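Here is a short briefing on selected strands and helices. It is grouped by topic.

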Amino acid sequence: MRYRRLLLPTLKEAPSDATSASHVLLLRAGYIRKVGAGVYSYLPLGVKVLRRVESIVREEMNRAGAQEVLLPALLPSEYFRETGRWDLYGEVLFRIKDRKGTDYHLGPTHEEIITDLARHEIKSYRDMPKNLYQIQTKFRDEPRPRGGLLRCREFSMKDAYSFDVDEARARTSYEAMRVAYTHIFDRMGLTYRMVNADSGAIGGSGSAEFQVLVQSGEDFLAACTKCQYAANLEVASSPARPRAADPEKTPATDKVHTPSQRSIEEVSSFLGAAPDRFLKSLLYVAESEVVMAVVRGDHEVNEIKLARALGVAEVFMASAEDVQKATGAAVGFAGPVGFAGKLVVDQSAASVVDGITGANLTDYHLKHVQPGRDFTGQVADIRSVREGDPCPECGSPLGIYRGIEAGHIFLLGTHYSSKMGATYLDDKGEQQTIVMGCYGIGVSRLVATTVEQHHDQNGITWPMALAPFQVHIVQLGTEPEVEAAVGELERALEAQGIDVLVDDRDERPGVKFKDADLVGVPLRVTVGARALKSGGVELKPRSEPDPKKVEIVPLAEAAATLAERVRQLLAH
């Protein structure tokens, strides 16, 4: 492809609302353009990268035995109403009415539609296993679309669904998808971890995320420094430490005056006690009920875990008015002793001996509080793990990392099939419920995620497997010998199946080199009169940080050398 014919509008500066590296660079390098909040057009280079992601995903899904389908994006409301998600999804769902007033919505995901297909087409155990997938546009009314392609209202996704006769075979399908996902992300040249995760609105009995490790990631995950344990902070756990003293020796509670001392730091300093002796008590609203969550003073409540312990979709921090009404005290002085509502106590807090907590009286705290003696409640893991906490599997320290979710796999069980009556006849002629799995990859998100992990101060550094072009020929000058050499090299590379971009613009060398770095093609070849007089062309990998470090390759050997480099980088 010749640069003169290509729509490749690079920018010196990105719009002010572009903050993440991928958002800035994809706009500046001419891959995407914003249409509206969370809605983007893909320019030619953006489409090429998107298609390369799709190709890798499609190849590995097909290799794993999945079959491609294409489901509609415009969906009647009846399917989501059948499973209860018409209400559960709330404002995230794009809802519309047709001219007759019938409710429809744009698909944010397709569990119901694929389950409807299964209940009509799968009749017998002989019809399974099946794994059906699609690569299709999804729609979610994100309240705060951000990061360019990282969080959009319209995006491309691969979603797959497996159908099996029982849980054991469903786990076999799940494992096949796990392996396929590792192949996909390995081929894309990404550094990632598979982590245990929360199933969220999708439902089901278990799930795992594939997190691409980047410092700009919005997700936090805990991973063991020694073993393979890794989990999203929403579900990561660490064992409670054993009690350091005998709780039976704890004195009776003692109310102490702590004027204006509200935070753990303030009360800790005021009373001269370590934060891990405190029982921090926070109030939340779960559906219509005000509940109290109790964690150790040096820990933080994990609201996802708390919601799961309470069996609700989500919880919200109670207002100051709710706190005053439920405890009789101002914010900062709540405590579990004497609290009349529901209590959820973190397992680490339940192990505290001779603790300190709010007295449910403004400007007062209680000393010598003993869980189990002075208050009782539901004990559960409701805290967020911290750097250095012991691993739940081997006891080694946990590390905390940031990442971007690139894929998510779920064991759905019968979560949807039971609600929608998706059944089959087993080998005894008895009716059974189909067991399902669900497997998603954010295809368009992977374009941005790759840039977040593969860039430097000059621009994008695409892995070879995803690059829009594999070789970028920079033509310096219009001398007949230069144009002839460029044409010869271009034809020889294309004959070997290499995707080539030729910068034949009438621009200064510095402009061409800056644009080449910005666009991020893995291999750059400079063809100019000076290099040709020396008998060759200049080869520089985009990943080479030193701008002066180039390799002179004889023109006669250039095509073969470049083709071999491309093959090596694809195999890496």
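Five strands make up an open sheet, ordered 16-14-15-17-20, with mixed pairing. Strands pair here if DSSP finds at least two bridges between them. Helices (H or I, at least four residues) and strands (E, at least two) are DSSP runs, numbered from the N terminus. This is a predicted model: local features need pLDDT of at least 70, side-chain atom pairs count only at pLDDT 80 or more, and totals for chains, interfaces and linings use all residues. Residues are numbered from 1 along each chain as its sequence is written, and side-chain values use heavy atoms, with hydrogens and water left out.

**The open sheet**
- Strand 16 (315–317) and strand 20 (378–380) are the edges; each has a single partner strand, so one side of each lacks a neighbour in the sheet.
- On average, neighbouring strands of this sheet are turned by 35 degrees against each other, direction ignored.
- Axes are lines fitted to C-alpha atoms, for helices over the stretch in contact, and angles run from 0 to 180 degrees between N-to-C directions.
- Strand 15 (residues 289–296) and strand 17 (residues 342–346) run parallel, joined by four bridges.
- Ala-293 has Val-344 of strand 17 as its bridge partner.
- Helix 8 (residues 303–310) lies across strands 14 (279–286), 15, 16, 17 and 20. Helix 8 runs at about 125 degrees to strand 16. Contact means heavy atoms within 4.5 Å.

**Strand 24**
- All eight residues of strand 24 (residues 435–442) are buried, so the strand is largely enclosed by the rest of the structure. Buried means under 20% relative accessible area, exposed over 50%, partly exposed in between (1.4 Å probe, protein chains only).
- Val-435, Gly-437, Tyr-439 and Ile-441 are buried on one side, and Met-436, Cys-438, Gly-440 and Gly-442 on the other.
- Strand 8 (residues 154–164) runs antiparallel to strand 24, with eight bridges. Asp-164 stands opposite Val-435.
- Strand 21 (residues 398–413) is also antiparallel to strand 24, with six bridges. Phe-410 stands opposite Cys-438.

**Helix 15**
- Helix 15 (residues 555–571) has 17 residues and spans 25 Å from first C-alpha to last, close to the expected 24 Å. The expected span is 1.5 Å times one less than the number of residues.
- Ala-558, Ala-559, Leu-562, Ala-563 and Val-566 are buried. Seen down the axis, the buried residues of helix 15 fall within an arc of 120 degrees, so they line one face. The arc is that of the directions from the helix axis to the C-beta atoms.
- These buried residues pack against strand 27 (471–476), helix 12 (480–495), strand 29 (523–528), strand 30 (536–541) and strand 31 (551–554).
- Ala-556 and Ala-571 are exposed, on the face turned away from the buried side.
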